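Please look over the fold first, then the side-chain pairs. The report below takes them in that order.

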Amino acid sequence: MLNKKIVGGFFAFSVLVSGLVHAGTTTITTKYEQSFKENKDHRVKLRVGHAFDNNTSVYFEQTRRWLDEMNGSPDIFENLLGLGYTHTLDGKNRWSIRPVMEYRYTPTAEFARPSLRLNYRVNDDWLIGARYRYEYQTYSEDGRTRSRVNRFDGYLNYSLTDQVSLGWNPNYAYHLGSGGSMYTGTSDRWENHFIADYRINRAQSLRLKYKRKDETRDSAIYNAGERNDVIELNYSYRF
């Protein structure tokens, strides 16, 4: 699709230009995500990101998926491109704001997702934050009404030690207008993500994330009226 070529070209150009001007840190992250009830969802993700010394960052993430059983090669589920910038709001580096532009595309649909996140570092141990994302469907293969979704995230992080930290990420999303519904069967849904991070050394880290999902709609073929929770395990390497 033409939109993919345009977005991919812009992303590649941004990385090339920024890379020629500013150094920085590259992070490669592998993720494995799985649900545990009927019709199990297995997802593997590869994310490559680069944070430049001028506080700009770019990243690409691809998700592949098996349904029910892990047989053969997983299908491509979605691709994600992102470009962000972090700006410090005070001299003590406690307040920061981060606008991000993401473009997400699947085999049948494409989405633009601008967002804005505000962080406040209370002290060396505690950090709180909030983020707003607006997701607009820019392409639909079946020609149906394009969805528009408001997404709100909260963040609470606590550093237990120099190596271990814990986080809570509640998030709420709802469809605008009458163009769609969530997996709950209604226009909105709540989720809570609980996170444990372990820094092995300066280059390597692990993350365990538990996603507490909302209840699946009663008319669903699988897991009707149940919470189909998810576990995600990440490994990151920085250089």
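## Overall fold

Within the protein chain, 44% of the contacts with a separation of 6 or more are between residues 24 or more positions apart. The model is a predicted one. Its secondary structure comes to one helix and 13 strands. Along the sequence, the pattern reads α-β-β-β-β-β-β-β-β-β-β-β-β-β.

The protein chain has 239 residues, and 37% of them count as buried.

## Salt bridges between strands

How many salt bridges does the structure hold? The count is 20. In general, side chains of opposite charge can pair when their charged atoms come close.

One of the salt bridges joins the side chains of Glu 232 and Lys 45, at 3.7 Å from N to O. Glu 232 belongs to strand β13 (residues 230-238) and Lys 45 to strand β2 (residues 41-52), so this pair ties together parts that are 187 residues apart in sequence. Glu 232 and Lys 45 are both buried.

Arg 104 and Glu 78 form another salt bridge. Their closest N and O atoms are 2.9 Å apart. Arg 104 is in strand β6 and Glu 78 is in strand β4 (residues 75-85), so the pair ties together parts 26 residues apart in sequence. Arg 104 is buried, and Glu 78 is buried too.

Asp 153 sits in strand β9, while Arg 133 sits in strand β8 (residues 126-140). The two are 20 residues apart, and the pair links distant parts of the chain. Both Asp 153 and Arg 133 are buried.

Some salt bridges share partners. Through them, Glu 78, Glu 102, Arg 104, Arg 113, Glu 135 and Arg 151 are joined into one network. Two members of this network, Arg 104 and Glu 78, are the buried pair described above.

Is Thr 63 buried or exposed? Thr 63 counts as buried because its relative accessibility is 2%, below the 20% cut-off. Thr 63 is found in strand β3 (residues 56-67).

Leaving aside neighbours within four places in sequence, Thr 63 touches Arg 43, Val 44 and Lys 45, along with Asp 75, Ile 76, Phe 77 and Glu 78.

## Thr 108 in a loop

Thr 108 lies in the loop between β6 (95-105) and β7 (109-121). Thr 108 is partly exposed, with a relative accessible area of 42%.

Which residues does Thr 108 touch, not counting those up to four places away in sequence? They are Tyr 139, Ser 140 and Glu 141. Thr 108 and Tyr 139 are 31 residues apart along the chain, yet their C-alpha atoms are separated by 8.1 Å.

## Aromatic rings

A pair of aromatic rings is described by the distance of the centres and the angle of the planes. The structure has eight aromatic pairs. One of them, Tyr 172 with Tyr 174, is tilted, with 5.9 Å from centre to centre and 40° between the planes. Tyr 172 is partly exposed, at 21% relative accessible area. Tyr 174 is also partly exposed, at 25% relative accessibility.

Tyr 172 and Tyr 174 belong to one aromatic cluster with Tyr 132, Phe 152 and Trp 190.

## Charges over rings

Two arginines sit over tyrosine rings. The charged end of Arg 47 is over the ring of Tyr 59, 4.1 Å from its centre. Arg 117 lies over the face of Tyr 155, and the distance to the ring centre is 3.6 Å.

## A nonpolar surface patch

What forms the nonpolar patch on the surface? Its members are Val 122, Trp 126, Ile 128, Leu 156, Trp 168 and Phe 194. Together they have about 500 Å² of accessible area.

Leu 156 lies in strand β9 (residues 148-159), the strand that also holds Asp 153. Leu 156 is partly exposed, with a relative accessible area of 30%.

How values were computed. Residues are numbered from 1 along each chain as its sequence is written. This is a predicted model: local features need pLDDT of at least 70, side-chain atom pairs count only at pLDDT 80 or more; totals for chains, interfaces and linings use all residues. Side-chain values use heavy atoms; hydrogens and water are left out. Rings of Phe, Tyr and Trp (its six-membered ring) pair if their centres lie within 6.5 Å; planes under 30 degrees apart count as stacked, over 60 as edge-to-face and the rest as tilted. Buried means under 20% relative accessible area, exposed over 50%, partly exposed in between (1.4 Å probe, protein chains only). A charge sits over a ring if NZ of Lys or CZ of Arg is within 6 Å of the ring centre and within 35 degrees of the ring normal. Patches are made of residues with over 30% relative accessible area and no salt bridge: like charges are joined within 9 Å, nonpolar side chains (Val, Leu, Ile, Met, Phe, Trp, Tyr) within 5 Å. Accessible areas come from the Shrake-Rupley method with a 1.4 Å probe; for residues, only the protein chains shown count as cover. A salt bridge is a side-chain nitrogen of Lys or Arg within 4 Å of a carboxyl oxygen of Asp or Glu. Helices (H or I, at least four residues) and strands (E, at least two) are DSSP runs, numbered from the N terminus. Contact means heavy atoms within 4.5 Å.
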